[in-house]
Amino acid sequence: MDQTAKLLNCVAQNAQTGYQAIEKLLAKTSDPAFRDELLRQRQDYHAIRQDAESKLNAQGVQPEPKRPMDRVGAWMGMEMATLTDKSNAHLADLVIQGATMGVIETTKARNECADASADAQGVASCFITQQQDAIERMKGFLL
């Protein structure tokens, strides 16, 4: 896999992971303001994933899904983390942790894929900015 495809795949995978995590968190809260923010983030994840995947498809590359064990581990971690505490502050903390992981993974991929196309670098930069913005908005729920 060339560097452009590798970087785009990283973004697509991280966006899919974020989307799935938001889906799980939506089921755990009924606060309207918090739900609105989660819905906004879910839409952001969907849009950036579609962008990355369409650019992969244009290269004739199929996006690689995350390994099943990674998905199961993330799901179990989310279930355990919300078993006893479903407060907005706790859920916001989980979102912040997940978004931070997405920033770290995507930044590493950008650094490793320095020869990726400018378009792929732009998608990765957009994803990182979205994650950083989400982190800042979630901080408002840390009460």
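I began with Lys 6 and Glu 112, whose side chains meet in a salt bridge, 3.6 Å from N to O. I count a salt bridge when a side-chain nitrogen of Lys or Arg lies within 4 Å of a carboxyl oxygen of Asp or Glu. Lys 6 lies in helix α1 (residues 3-26) and Glu 112 in helix α4 (residues 88-112), so the pair ties together parts that are 106 residues apart in sequence. My helices are DSSP runs of H or I with at least four residues, strands are runs of E with at least two, and both are numbered from the N terminus.

Before going on, I noted that this is a predicted model: local features need pLDDT of at least 70, side-chain atom pairs count only at pLDDT 80 or more, and totals for chains, interfaces and linings use all residues. Residues are numbered from 1 along each chain as its sequence is written, and side-chain values use heavy atoms, with hydrogens and water left out.

I searched the whole structure and found seven salt bridges. Next I looked up Arg 49 and Glu 53, whose side chains meet at 2.9 Å, N to O, in a salt bridge. The two are four residues apart in helix α2, which puts about one helical turn between them. I then took Lys 139 and Glu 136, a salt bridge at 2.8 Å, N to O. These two are three residues apart in helix α5, again separated by about one helical turn.

How exposed are these side chains? Lys 6 is partly exposed at 39% relative accessibility. Arg 49 is partly exposed at 28%. Lys 139 is partly exposed at 42%. Glu 136 is partly exposed at 49%. I also noted a network: salt bridges that share partners join Asp 51, Lys 55 and Asp 119.

**Entry: aromatic rings**

A pair of aromatic rings is described by the distance of the centres and the angle of the planes. My rule pairs rings of Phe, Tyr and Trp (its six-membered ring) if their centres lie within 6.5 Å; planes under 30 degrees apart are stacked, over 60 edge-to-face, and the rest tilted. By this rule I count two aromatic pairs.

Phe 34 and Phe 141 have ring centres 4.9 Å apart and planes at 80°, so this pair is edge-to-face. Phe 34 lies in helix α2 and Phe 141 in the segment after α5, so the pair ties together parts 107 residues apart in sequence. Both Phe 34 and Phe 141 are buried.

Tyr 45 and Phe 127 make a tilted pair, 6.4 Å centre to centre with 50° between the planes. Tyr 45 sits in helix α2 and Phe 127 in helix α5, so I have distant parts of the chain linked, 82 residues apart. Tyr 45 and Phe 127 are both buried.

**Entry: the cavity**

Rolling a probe the size of a water molecule over the atoms shows where empty space is left. On a 1 Å grid over the protein atoms alone, I call a set of points a cavity where a 1.4 Å probe fits but cannot get out; lining residues have an atom within 4 Å of a point. Points are joined across faces, edges and corners, and the volume is the space filled by probe spheres set on them.

I found one cavity of 30 Å³ or more. The largest cavity holds about 50 Å³ of space. Which residues line the largest cavity? They are Gln 41, Asp 44, Tyr 45, Gln 130, Gln 131, Ala 134 and Arg 137. Helices α2 (32-58) and α5 (118-139) each supply at least two residues of this lining. The largest share, four residues, comes from α5. I sorted the lining into two nonpolar, three polar and two charged residues. For this, Ala, Val, Leu, Ile, Met, Phe, Trp, Tyr, Cys and Pro are nonpolar, Asp, Glu, Lys and Arg are charged, and the others, Gly among them, are polar.

I looked up the buried residues of α4, among them His 90, Leu 94, Val 103 and Ala 109. Glu 105 lies in helix α4 too, and is partly exposed at 32%. Its C-alpha atom is 23 Å from that of Met 80, 25 residues apart along the chain.

Lys 28 is in the loop between α1 and α2. Lys 28 is buried, with a relative accessible area of 17%.

How values were computed. 1 Å grid on protein atoms, 1.4 Å probe; cavity = no way out; pocket = protein on both sides within 12 Å on 5 of 7 lines; lining within 4 Å. Buried < 20%, exposed > 50% of the residue type's maximum accessible area, 1.4 Å probe, protein only.
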